[in-house]
Amino acid sequence: TPASFPFLRKYESPQQTIVPAGTINLTHGLGETPALIDAVGICIAANAGYSIGDEINLAQDNATASYNFAVGRNATTLRCVCGSEGIVAINASGVGTVLTNASWRLVVRAWV
C-alpha cells in the first residue's frame with residue numbers, strides 16, 4: 001500500500017571517486033526530482049578506524065566551504081560538490097577527522 005511504501009522508485013549511483021573541489025553529475029533517470037537523497041562513503045582501504053566495506057553516512061554541509069560536500073538535485077541530475085579540502089567525518093573513535101580520499105568512494109541514493 002502507498003502508506004507502507006511511500007517511495008516507489010530508487011536510484012543508486014556506482015561508486016564515485018572523491019576529488020577535493022570536484023563536482024560529480026549523476027543522471028538518476030527517475031523522471032522527477034527525488035524527495036529523498038542519501039550520500040554515503042564506502043571504505044575501500046582501512047582509514048579512520050573503519051574497515052574495507054564499512055559504510056558511513058556523509059553529512060551535507062554547505063556552511064564549511066573547504067570540507068564536506070553538498071548534493072543538489074533536480075528532475076534529471078544529482079550534482080555532488082566536494083569541498084576543496086575533502087570530507088570530514090566522525091571516525092570510529094567518535095572524533096572528527098579528515099578522511100583519506102583514496103580510501104573512500106561516494107555512493108548517492110535517491111528515491112521518488
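## Burial and overall make-up

Of the protein's 112 residues, 38% count as buried, where buried means under 20% relative accessible area, exposed means over 50%, and partly exposed lies in between (1.4 Å probe, protein chains only). The accessible surface comes to about 6000 Å², and 53% of that belongs to carbon and sulfur atoms; these areas come from the Shrake-Rupley method with a 1.4 Å probe, and for residues only the protein chains shown count as cover.

A word on the basis of these values: this is a predicted model, in which local features need pLDDT of at least 70 and side-chain atom pairs count only at pLDDT 80 or more, while totals for chains, interfaces and linings use all residues. Residues are numbered from 1 along each chain as its sequence is written, and side-chain values use heavy atoms, with hydrogens and water left out.

## Strands and their pairing

The protein has 0 helices and 10 strands; helices (H or I, at least four residues) and strands (E, at least two) are DSSP runs, numbered from the N terminus. Among contacts (heavy atoms within 4.5 Å) between residues at least 6 apart in sequence, 63% join residues at least 24 apart.

Since 6 of its 8 residues are buried, β4 is largely enclosed by the rest of the structure. β4 and β10 run antiparallel and are joined by 8 bridges, and two strands pair if DSSP finds at least two bridges between them. Within this pairing, Gly-41 has Leu-106 of β10 as its bridge partner. β4 also pairs with β5 in the antiparallel sense, over 3 bridges, and here Ile-42 stands opposite Glu-55 in β5. As background, side chains in a regular strand alternate between the two faces of the sheet.

## The nonpolar core

The largest nonpolar core has 24 residues, and those with the most contacts inside it are Val-71, Leu-78, Leu-106 and Val-108. Such a core is a set of buried Ala, Val, Leu, Ile, Met, Phe, Trp, Tyr and Cys residues joined through side-chain atoms within 4.5 Å. Two or more residues come from each of β3 (23–27), β4 (36–43), β6 (69–73), β7 (77–82) and β10 (104–111). The most comes from β10, with 4 residues.

Val-108 makes a handy probe of its surroundings. Leaving aside neighbours within four places in sequence, Val-108 is in contact with Tyr-11, Glu-12, Ser-13, Leu-26, Asp-38, Ala-39, Val-71, Leu-78 and Cys-80. Elsewhere, Phe-69 sits in strand β6 and is buried at 4% relative accessibility. Phe-69 and Val-88 are 19 residues apart in sequence, with their C-alpha atoms 9.5 Å apart in space.

## Salt bridges

The structure holds 4 salt bridges, each being a side-chain nitrogen of Lys or Arg within 4 Å of a carboxyl oxygen of Asp or Glu. One of them joins Glu-32 to Arg-9, with the closest N and O atoms 3.0 Å apart. Glu-32 lies in the loop between β3 and β4 and Arg-9 in the segment before β1 (10–12), so this pair ties together parts that are 23 residues apart in sequence. Glu-32 is partly exposed, at 40% relative accessible area, and Arg-9 is partly exposed at 38%.

Lys-10, Glu-12, Glu-55 and Arg-109 are linked in a network of salt bridges. In it, the side chains of Glu-12 and Lys-10 meet at 3.5 Å, N to O; Glu-12 is partly exposed at 41% relative accessibility, and Lys-10 is partly exposed at 48%. Glu-55 and Arg-109 meet through their side chains at 3.0 Å, N to O. Glu-55 lies in β5 (residues 55–57) and Arg-109 in β10, so the pair ties together parts that are 54 residues apart in sequence. Glu-55 is partly exposed at 42%, whereas Arg-109 is buried at 12%.

## The aromatic pair

The structure holds 1 aromatic pair. The ring centres of Tyr-50 and Trp-104 are 5.7 Å apart and the planes stand at 80°, so the pair is edge-to-face. For reference, rings of Phe, Tyr and Trp (its six-membered ring) pair if their centres lie within 6.5 Å; planes under 30 degrees apart count as stacked, over 60 as edge-to-face and the rest as tilted.

This pair links distant parts of the chain, with Tyr-50 in the loop between β4 and β5 and Trp-104 in strand β10, 54 residues apart. Tyr-50 is buried at 17% relative accessibility, and Trp-104 is buried with a relative accessible area of 0%.
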